[in-house]
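Please look through the model below.

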Amino acid sequence: MATTLSVLLLDLSWAMAPVPAEPRTAEQVQAKKELICRNLQETVGEDRLETILKERDVKIYWGTATTGKPHIAYFVPMIKLADFLKAGCEVTVLFADLHGYLDNMKAPWELLQLRAKYYEAVIKAMLKSLDVPLEKLKFVTGTDFQLSREYTLDVYRLSSVVTDHDARKAGAEVVKQVAHPLLSGLLYPGLQALDEEYLGVDAQFGGVDQRKIFMFAEKYLPLLGYKKRIHFMNPMIPGLTGDKMSSSDPDSKIDLIDPPAAVKKKINKAFCEPGNVTNNGLLSFSEFVIFPYLGKGEFEIKRKPEHGGDVSYSTFEELKEAYRTEQIYPLDLKTAVATYINQLLGPIVKEFQSKELKKLSSQAYPVANTKGGKTAEPERPVDISRIDIRVGKIVNIEPHPDADSLYVEKIDVGEAEPRTVISGLRKFVPQDKLDGALVAVVCNLKPANMRGIKSQGMLLCASDKDHTTVEVLIVPEGSKPGERITSDMFTDPPDSQLNPKKKIFEKVQTDLTTNAGLEVTYKGELLRTSAGPLLAPSLVNAAIR
C-alpha cells in the first residue's frame, strides 16, 4: 500500500510543481534592462544581466552603513531602487551596521541597533514619498547574519587569500583614511563582498565611489568558489558647497527631516554660479532626483512677469542649456529646487513628528551636553512653528465681572471642552461682533490668572503703533475649529507648552505683521489655514499681538 501511495504521489508531483514562465521576448528584456540601467554611471556584467532577464527577474541589494544621519543625497539611490522595483526586481536593503562600526567606529557599538532602526524608518518614509511599490522590497540588518559561524569562517577563508595591498586599495574611497589605520578597515571590503553571497543576490548596487570594492568582490569571490555578481554604479552628485555631499558637513547637505525654512535657507546658501553647469549640486540633484520624480511632468520655475515670467522644461537637457546660457538665474533654480525638495520631504517630516520617531532620533544620534558629559536634545530654533496657533470658534462671550476692559470667552479649539480665554477687547470690538466668530488662538501659552479667572489661551489681533486701534484677525470661512494655523515654510510640531522664562512667543511676535495686502505674515511667509490666509480687517504693516 505504501509503495502504491508513493507511486501516486510521484505521478502527481508534476501537477503540483510551478509552471515554468514563458520565455521573455527580446523587447521585454530590453525594456526591463533600460529601466534598470538608466541614469547609471557604469554597469559591470551587462551580459550576465541580459542572461538572467531572459529567464526571471533580477535580485539586487543595496547596502548603506548606518553611520551619520541620511540626507537628501539618499534620494539618488532611492530613485534607482524605484527603477529596480518598477522593473520587477527583488530588492534587498542592507543596513550595514557592522560595517559602520568597522569603519573607524563611525557608529559606536552601543548605537548599532538604534541607528539601524532609524535608517529603516527614514528609508521607508523616503520610498513612501516616492510612491514606490514595496511588494518586492525587504530590509536586512548586517549583524543578523554577519556574526554566524558560516559567515565568520568565510571571513577567515577570505583573509587567507586577500593581500594587504588589495584590501587597502579596495577601501580607499569608502573607508575613512587615517594616519594609522585599524585592522577593522581592512576587513570592510571583504565583508561587503561576502554580503553578495549571503544575501543570495545577482547584483549589488552602489555609488561609483564603491567601484574598487565591487572589483575586489569580482576578483576574490570566485577564489572561495562563489560566482561573480553584476555591479550597478550610480554617479556621485556634489553637495550644496560644490563638493561631495556629506553627513559630517552640515552646510553641504539637507537633512531628511529639515523643515521648509531650513531647506530654503540652505538652498539659498548653496554654491550656484551663473552659467556653471559642471559643478552645480542643484543641477545634479535636478537631473538624478527631481526629473525622475516628476516622470512625464515638467520642471516648473515660477517668476514674476518683470523677471521673465513662468517657464517650464520637459527634459533635464533643456533646463541645463537654459542655465548654461543664463536664460534662468541662480535664484530661479534655487527657488524651484527648494520647492521640489520640500515636496519630497513633506511626508517624511510629517511622519517624523511622532513621539516614537523623535525619541528614536534622539537615542540613535544623541547630542553631547557640556554638563557632565551627558546627552540631550539640541535646543530648537525659535520660530513660528513652536507656537500652537489654532482656529477657534467663540461659543460664548461675556464681560469680565471684575474688569471693565476684559471679555471672558468660551472658545472651541477642537478639544473635548471649550477653553476659557480672557481678552482685553471690550474697548475695541463690540461683544456681538465676536459672538460665534472664528478667531486665531494661541493654545500653548502657560495658563495665567486674569482678575481671578484662569485664561487658557490668547486671541491674536492686529494693532497700530500706539495701540489705539485693535482688530481681531479674520479667519477664512471654511476653516475648522482646532485646525492648526501655520505657514508653508514652518511646519514643525509646536511645543506642548511654551516656557515663559525663555520668552519664545515674545521673540516670534517681533516678526509677526500684516503686509500691504492685509495678510498676516511671519518673516514674509503667509499664515494660513486650509481655507486660505489670515487677514486683518484694515490695518496694513501692523504688529500682531
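In helix H11 (residues 260–268), Pro260, Val263 and Ile267 are buried, where buried means under 20% relative accessible area, exposed over 50% and partly exposed in between, with a 1.4 Å probe and protein chains only. These three lie on the same side of H11 because they cover an arc of only 60° around the axis; the arc is that of the directions from the helix axis to the C-beta atoms. An α-helix has 3.6 residues a turn, so residues three or four places apart point the same way. Helices (H or I, at least four residues) and strands (E, at least two) are DSSP runs, numbered from the N terminus.

This is a predicted model, in which local features need pLDDT of at least 70 and side-chain atom pairs count only at pLDDT 80 or more, while totals for chains, interfaces and linings use all residues. Residues are numbered from 1 along each chain as its sequence is written, and side-chain values use heavy atoms, with hydrogens and water left out.

The buried residues of H11 pack against helix H12 (281–294) and helix H14 (330–351). Helix H14 contains Asn342, which is buried at a relative accessible area of 18%. Apart from its neighbours within four places in sequence, Asn342 is in contact with Pro260 and Val263, contact meaning heavy atoms within 4.5 Å.

The model has 1 cavity of 30 Å³ or more. On a 1 Å grid over the protein atoms alone, a cavity is a set of points where a 1.4 Å probe fits but cannot get out, and lining residues have an atom within 4 Å of a point. The lining of the largest cavity consists of Asn39, Val76, Ile79, Lys80, Asn234 and Phe288. Helix H4 (residues 75–86) gives the largest share of this lining, 3 residues.

Asn39, one of the lining residues, is found in the loop between helix H2 (26–37) and strand E1 (42–44). Its phi is near 65°, a positive value in a residue other than glycine, and at 33% relative accessibility Asn39 is partly exposed. His467 also has a positive phi, near 60°. His467 is found in the loop between strand E18 (461–463) and strand E19 (470–472).

Finally, 5 strands form an open antiparallel sheet in the order E13-E12-E11-E14-E17, where two strands pair if DSSP finds at least two bridges between them. Strands E13 (419–423) and E17 (458–459) are the edges, each pairing on one side only. Strand E11 (residues 389–399) pairs with strand E14 (residues 438–442) over 5 bridges; Arg390 has Val441 in E14 as its bridge partner.

Key. 1 Å grid on protein atoms, 1.4 Å probe; cavity = no way out; pocket = protein on both sides within 12 Å on 5 of 7 lines; lining within 4 Å. Points joined across faces, edges and corners; volume = space filled by probe spheres on them.
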